[in-house]
Amino acid sequence: MPPSRRFDAILFDLGNTLIYFDGQFPEIHDQADAALAQGLQAAGLKLDSDRLLREFRQAMDHYYTQRDTEFVEYTSSYVLHSLLAQHGYANLDEAALQPALAAMYAVTRRAWHVEDDAQATLQQLKDRGYRLGLISNAADDADVQALIDKAQVRPFFDAILTSAALGIRKPNPRIFQAVLSRLAVPASRAVMV
């Protein structure tokens with residue numbers, strides 16, 4: 001009979017746990033902003049790109065501060081849509097913004113890389129019978145899903161949840177409860193990495 005263990009599930013964060021950022025934030029953000037501006041122009045929006053991007057960065061900075069105190073995730077799409085409404089695009093369908101946001105996140109994704117031992121560690125844990133979950137605080141669910149696939153770690157996880165998809169950020173207990181419910185594991189039998 002195998003020895004009993006204290007935990008049945010192990011939950012992981014994504015950024016700075018399984019993947020790491022290897023780039024210069026100011027340079028990457030400038031490139032990402034340029035991609036966003038091009039995407040908005042391609043969608044037919046007639047805007048002063050420099051002004052819009054400056055306001056978008058200010059709005060995102062405010063959003064980052066707010067989400068870290070309220071633990072609510074409004075998403076970058078929501079922030080951009082709200083800003084564009086102030087510029088006369090109130091009736092713009094949010095789906096029209098997705099290609100521009102995808103272009104922006106494609107730039108930042110290039111600077112994220114999988115940790116050398118992530119896949120081997122996850123495989124060992126799966127081989128030992130642990131249920132694995134991933135919870136990532138992020139402003140864009142599609143970006144996180146693409147990062148997971150880029151790192152080739154999706155097959156190891158029994159449940160994946162982002163704050164952008166749920167609307168709640170860690171450390172709000174509800175995001176942990178949601179993943180544990182999907183894993184069918186009580187909190188007393190889980191640990192977070």
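Predicted model: local features only at pLDDT ≥ 70, side-chain atom pairs only at ≥ 80, totals over all residues.

Modeller: The axes of α2 and α3 come within 10 Å and cross at roughly 130°. Axes here are lines fitted to C-alpha atoms, for helices over the stretch in contact, with angles from 0 to 180 degrees between N-to-C directions. That angle makes α2 oblique to α3 (under 35 degrees counts as roughly parallel, over 145 as roughly antiparallel, 65 to 115 as roughly perpendicular, and the rest as oblique).

Residues are numbered from 1 along each chain as its sequence is written, and side-chain values use heavy atoms, leaving out hydrogens and water. Helices (H or I, at least four residues) and strands (E, at least two) are DSSP runs, numbered from the N terminus.

On to the other partner of α2. The axes of α1 and α2 also come within 10 Å, and they cross at roughly 120°. These two helices are therefore oblique to each other, and the crossing of α1 and α2 is right-handed.

On a 1 Å grid over the protein atoms alone, a cavity is a set of points where a 1.4 Å probe fits but cannot get out; a pocket is an open set with protein on both sides within 12 Å along at least five of seven lines, and lining residues have an atom within 4 Å of a point. Grid points are joined across faces, edges and corners, and a volume is the space filled by probe spheres set on the points.

Start with α2 and α3, which each supply at least two residues to the lining of the second largest pocket. This pocket has a volume of about 150 Å³. You can find it by its lining, which includes Ala 59, His 62, Tyr 63, Tyr 74, Tyr 78 and Leu 83. Which helix gives the most to the lining of the second largest pocket? It is α3, with five residues. By class, this lining has six nonpolar, four polar and no charged residues. (Ala, Val, Leu, Ile, Met, Phe, Trp, Tyr, Cys and Pro count as nonpolar; Asp, Glu, Lys and Arg as charged; the others, Gly among them, as polar.)

Next, go back to α1 and α2, which each supply at least two residues to the lining of the largest cavity. A search of the whole structure finds one cavity of 30 Å³ or more, and about 40 Å³ of space lies in the largest cavity. Its lining is made by Ala 37, Leu 40, Gln 41, Leu 45, Leu 47, Ser 49 and Leu 52. Here α1 gives the most, with three residues. Five of the lining residues are nonpolar, two are polar and none is charged.

Then there is the largest pocket, with about 700 Å³ of space. Of the 28 residues that line it, Tyr 64, Arg 67, Trp 112, Asn 137 and Ala 138 are the closest to its centre. The elements β2 (19-21), α1 (25-42), α2 (49-70), α4 (94-109) and α6 (141-151) each supply at least two residues of this lining. The most comes from α2, with five residues. In the lining of the largest pocket, 15 residues are nonpolar, six polar and seven charged.

Finally, step back to see where your helices sit. The protein has eight helices and six strands in its secondary structure. Four of the strands form an open sheet in the order β5-β4-β1-β6, with parallel pairing (two strands pair if DSSP finds at least two bridges between them). At the edges are β5 (159-162) and β6 (190-192), each pairing on one side only. Strand β1 (residues 9-12) pairs with β6 over three bridges, and Leu 11 stands opposite Met 192 in β6.

How values were computed: Left-handed = near helix turned anticlockwise from the far one by under 90°.
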